[in-house]
Amino acid sequence: MKLYKAILATALAAASGIAVPVLGQAPAHAASDVGVIANLWNWSWNSVARECTEVLGPAGYGAVQVSPPQDSMTKGGSVWWDIYQPARYELTSKFGDEAAFKRMVDTCRGAGVKVQVDTVINHMTGQGATSYGGYSFSKYNYPGLYSSQDFHQPTCQINQGDYRNDAWRIQNCELVSLSDLNTGSEYVRGKIADYMNKLTSLGVSGFRIDAAKHIHPGDLSAIKSRLIGSPYIHQEVIQGDQEAVQPSQYTGVGDVDEFVFGRKLREQFTGQIKNLRTFGESWGLSVPGDKAVVFVDNHDTERGGSTLTYKNGDTYKLANFFMLAWPFGTPQVYASYTWNNSEAGPPSANGGYATDVNCSNGQWTCFDRQVSGMVRFHNAVKGTNVANWTDNGNNLIAFSRGDKGWIAINNEGGAVTQTFTTGLPAGTYPNVAGNGTVTVDAGGRATVTVPGKSAVAIHTGSTPQPNDKEATVYYKTGWTTANIHYGINGTWTTVPGVPMETACTGWKKKTITLGNATTFRAAFNNGAGTWDNNNGNDYTLSTGTSTVKDGIVTANAANPCGSSSTDTATVYYKTGWTTANIHYGINGTWTTVPGVPMETACTGWKKKTITLGNATTFKAAFNNGAGTWDNNNGNDYTLSTGISTVKDGAATANAANPCGN
């Protein structure tokens, strides 16, 4: 909300420096089973839905946090903080209406991603008279909802000195002149609970409580007792040194947003990351790891200057890598829009309504995509301890997570080549933090070159890739010259992109190396200012051969300038389910959840034959159509052409037909 940055600056400036690391300290583990949260701040509901299907679900994100969906006062899109001034609890926000919200929730849940809502319940507005939904109100009068008697009376304003001296005023007076709801009132509690229960009825699984520090924890507990089911709750309680209200006072209600975490990482990643060996609660973090939602930055801190942000480039990415690799708290990855004016709202149109996200136009960070490999790493190493720590006394560190994963982070400018003890079984593993592979010998050792300002991370359960993946794109056009401007994991070529060659009459061609990525975004231009960017949405392309013609993408396509073959795969799945679906992805393009039905082949076995085009392998997971999944512990199964069987978590290629000939 407006002026949060002032509160943050004071609170964070007052906090003390880091504690002296204690050698051998064991980091705390997160008890929450939420998984990694993607905070898609100020994304429209249509954009969130698309991201759940195309990125978050396949990457293994457990949840997505969306911006406040309630109707709010409007500043016509000029600022970001109007959404934190509710006018009523109808779902008519700048991000879409209730129908769009419901579609988004259903789509995300179908992709295996739970939805959390940023929930504003401490206050209503401090200014304005009209909402995005066309509703008229005043500061203490919201027809059909609240009147003056529903706010703390007599009114008072929070002063800066109150933070250290007066908890009552922090929780009963007005925060930056926002009308402060009397959350001790049974009527107010009921209206808030009704709003949250409505969201739950639409499929929402959790809530981030905005400005929880300004609500007495007893009031929050009373509201929570009225909620349907057991939604996950985490609360915004910004820690301030020696303040009267502390995050620890709220852990009985739910988890707490850990603001100190990101500030400590900024100190180390702009200093010496070798100190992170003992990183944890002893460093002055505000709550234990099993109660903490941790993040490198969020919408408040990126504007307050206390944390790293997307503006810090590779250093910011490395800090996020560390967060996802280190066993403390429930990690949250922040993705929003770029800005120069800290007050500015997201890209908008038609009176301030947020436009759909376009990850290629420089207006959105889409950072959730840049760390998708490390989300898989986080999921693979869950429950393991840190071991095999190595550092160079400065800004290169490496450590393993039990025998499940290993990472090296190089925050220095130049590359480092070294032999590391990884703790992993022998094998060749893809680098999920970048490109290339790592070969581990029988002793668990690997000689690795870690580029400057980069990382190498490997984990068990990942599919070894002897070579980087490639995509060949054929583009139908009458242009004499054509360029392809593309982005892999959110990193784009410089405009206008790279030249395409002539493949045959009317077709341009380009082969692109993708590293470990399986999909990418692209647009085309003639080098003279004429673009084809799929009406502003860009094209989503994948490995293998794709054609783009008349605005339509065809994956696993035949060479339009020659001939190609088409392969099939027959999958037998051992299960006791009455009904089974196979949800599969070919070259990164997945079926719609829950996938396609399998037929009964014989007792205990389901079967499906799939056309692969030019692909030779694909990824798959199975479900019973009622929410029960077998996705190989979050890694999916890698299957190939011919006959494969999947039984008891093991996939067998070139298998015999388990039902006979």
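**Terms and values**

Biologist: What makes strand β13 (residues 405-410) and β18 count as paired?

Modeller: Six bridges join β13 to β18, and the two run antiparallel. Strands and helices are themselves DSSP runs numbered from the N terminus (E, at least two residues, for strands; H or I, at least four, for helices). This is a predicted model, in which local features need pLDDT of at least 70 and side-chain atom pairs count only at pLDDT 80 or more, while totals for chains, interfaces and linings use all residues. Residues are numbered from 1 along each chain as its sequence is written, and side-chain values use heavy atoms, with hydrogens and water left out.

Biologist: Why are β11 (386-391) and β18 (454-459) placed at the edges of their sheet?

Modeller: The sheet is open, with four antiparallel strands in the order β11-β12-β13-β18. β11 and β18 each have a single partner strand, so one side of each lacks a neighbour in the sheet. Neighbouring strands are turned by 10 degrees against each other on average, direction ignored.

Biologist: How do you know that helix α10 (residues 314-325) packs on this sheet?

Modeller: Helix α10 touches β12 (396-401), β13 and β18, where contact means heavy atoms within 4.5 Å. The direction of α10 makes about 155 degrees with that of β13. Such angles run from 0 to 180 degrees between N-to-C directions, with axes fitted to C-alpha atoms and, for helices, over the stretch in contact. Helix α12 (residues 372-380) lies across β12, β13 and β18, at about 40 degrees to β18.

Biologist: What span does helix α6 (residues 186-201) reach, and what is expected?

Modeller: The 16 residues of α6 reach 22 Å from first to last C-alpha, close to the expected 22 Å. The expectation is 1.5 Å times one less than the number of residues. The buried residues of α6, including R189 and N197, pack against α3 (98-110), β3 (114-120), β4 (206-210) and α7 (217-224). G203, which follows α6, has a positive phi near 110 degrees.

Biologist: How many aromatic pairs are there, and why is that of W45 and F101 called edge-to-face?

Modeller: The count is 38 aromatic pairs. The centres of W45 and F101 are 5.3 Å apart, with 75 degrees between the planes. Rings of Phe, Tyr and Trp (its six-membered ring) pair if their centres lie within 6.5 Å, and planes under 30 degrees apart count as stacked, over 60 as edge-to-face and the rest as tilted; the pair is therefore edge-to-face. W45 lies in helix α2 (residues 45-59) and F101 in α3, so the pair ties together parts 56 residues apart in sequence.

Biologist: Are W45 and F101 buried or exposed?

Modeller: W45 has a relative accessible area of 1% and F101 has 0%. Buried means under 20%, exposed over 50% and partly exposed in between (1.4 Å probe, protein chains only), so both count as buried.

Biologist: What makes the pair of W406 and F420 tilted?

Modeller: Their planes are 55 degrees apart and their centres 5.1 Å, which makes the pair tilted. W406 lies in β13 and F420 in β14 (residues 416-421), so this pair links parts 14 residues apart in sequence. W406, at 0% relative accessible area, is buried, and F420, at 1%, is buried as well.

How values were computed:
Pairing = 2+ DSSP bridges.
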